[in-house]
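Let's take a walk through this protein chain together.

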Amino acid sequence: MASPVQEPPQPVSGKRKGKAQYVQAKRARRCDAGGPRQLEPGLQGILITCNMNERKCVEEAYSLLNEYGDDMYGPEKFIDKDQQPSGSEEDDDVEAALKKEVGDIKASTEMRLRRFQSVESGANNVVFIRTLGIEPEKLVHHILQDMYKTKKKKTRVILRMLPISGTCKAFLEDMKKYAETFLEPWFKAPNKGTFQIVYKSRNNSHMNREEVIKELAGIVGSLNSENKVDLTNPQYTVVVEIIKAVCCLSVVKDYMLFRKYNLQEVVKSAKDPSQLHPKLGNGKEAKLEPDDKLNQNDSGEGNKNQQVVPENIKELGAVKNNI
């Protein structure tokens, strides 16, 4: 009986790939799908906190954002790959052909970018949804405004939903340079308003919250001396969220009215009717800002890391004197 033919051993070329190489290859494939895959400077989006279930949080976020995004901006449009532009073989002009090829690559990349795309935030129980072609602060305000009026609960695991209008490196000098331009649409003369600063840091040990708050308050004051601190119900709330080496910034309205942009709290009916209409410092009722007035050029999780500027009466006096 003939013995089975044994195949010759295959030559082994190099060592077996390590786990790190597989991870890098996987990340490369994900990035090739279009857009960044982690929180980094230069992004706009929505920062969402949740309670232990990030996967469910992402699902809820996509559902909620697509519902209201379609309402505000219309359905998202996609282009089939077969319809993407292609270069002409008869084009003899090398320079024109090169420009056309660059345009094709750019168009192909833009087709793969979704209106909402989840990226790695760098912190537990925090989800970051990168946005494209929308204004995060207007969309989130629209969502909260509708939930505040209808008192209809639409999420289970999402806690807070904060629009992020810009990101930069989380180093004081970078933040100061970025904020000087970033804050202009709200606070540079002739624009003005009352404000507060809320600060939270995650997975970062090199930033000092008091120093950050002081510098940002100083910038707001330097843009217009009529900008005043109001801790009761400010017209604007400057949100500072730091995760690792990235600083996320935004300026939002109705922060106190919408229960610090908490989706679980904003749908609750307060026992005390006065809580439904927070008072301003002068005793007047706060008015809900309609969506059409959220243009940036308008004039006019309790945690030890979360800080409102200023901390105490002495600091309030110091800030007021500076601005």
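## Starting at Ile-48

Leaving aside residues up to four places away in sequence, Ile-48 touches Cys-57, Ala-61, Asn-125, Val-126, Val-127, Ile-129, Ile-158, Arg-160 and Met-161. Touching, or contact, means heavy atoms within 4.5 Å. Keep in mind that this is a predicted model, where local features need pLDDT of at least 70 and side-chain atom pairs count only at pLDDT 80 or more, while totals for chains, interfaces and linings use all residues. Residues are numbered from 1 along each chain as its sequence is written, and side-chain values use heavy atoms, with hydrogens and water left out.

Ile-48 is among the residues with the most contacts inside the largest nonpolar core, along with Leu-65, Leu-139, Ile-143, Met-161 and Tyr-261. That core has 33 residues. A nonpolar core here is a set of buried Ala, Val, Leu, Ile, Met, Phe, Trp, Tyr and Cys residues joined through side-chain atoms within 4.5 Å. Buried means under 20% relative accessible area, with exposed over 50% and partly exposed in between, using a 1.4 Å probe and protein chains only.

S1, H2, S3, H4 and S4 each supply at least two residues of this core. These labels are DSSP runs numbered from the N terminus: helices are H or I with at least four residues, strands are E with at least two. Another core, of 28 residues, lies apart from the largest one and includes Leu-172, Val-220, Val-238 and Val-240.

## The sheet

In what order do the four strands of the open sheet come? They run S2-S3-S1-S4, with antiparallel pairing; two strands pair if DSSP finds at least two bridges between them. S2 (116-119) and S4 (158-164) are at the edges with a single partner strand each, so one side of each has no neighbour in the sheet. On average, neighbouring strands are turned by 25° against each other, direction ignored.

S2 pairs with S3 (residues 126-131) over four bridges. Phe-116 stands opposite Thr-131 in S3, and Gln-117 has Arg-130 as its bridge partner. The two strands form a hairpin with six residues between them, and Gly-122 in the turn has a positive phi of about 95°. Both faces of S2 are covered: Phe-116 and Ser-118 on one side, and Gln-117 and Val-119 on the other, are all buried.

## Helices on the sheet

H2 (residues 54-73) lies across S1 (45-50), S2, S3 and S4, at about 35° to S3. H4 (residues 136-150) also touches S1, S2, S3 and S4, and its direction makes about 145° with that of S4. Axes are lines fitted to C-alpha atoms, for helices over the stretch in contact, and angles run from 0 to 180 degrees between N-to-C directions.

H2 and H4 pack at about 105° with their axes 10 Å apart. That makes H2 roughly perpendicular to H4, a label for 65 to 115 degrees (under 35 is roughly parallel, over 145 roughly antiparallel, the rest oblique). Among the contact residues are Leu-64 and Leu-65 of H2 and Leu-139 and Ile-143 of H4.

## A look at Cys-50

Cys-50 lies in S1 and counts as buried at 6% relative accessibility. Cys-50 touches Cys-57, Asn-125, Val-157 and Leu-159, not counting residues up to four places away in sequence. Cys-50 and Met-161 are 111 residues apart along the chain, yet their C-alpha atoms are separated by 9.3 Å.
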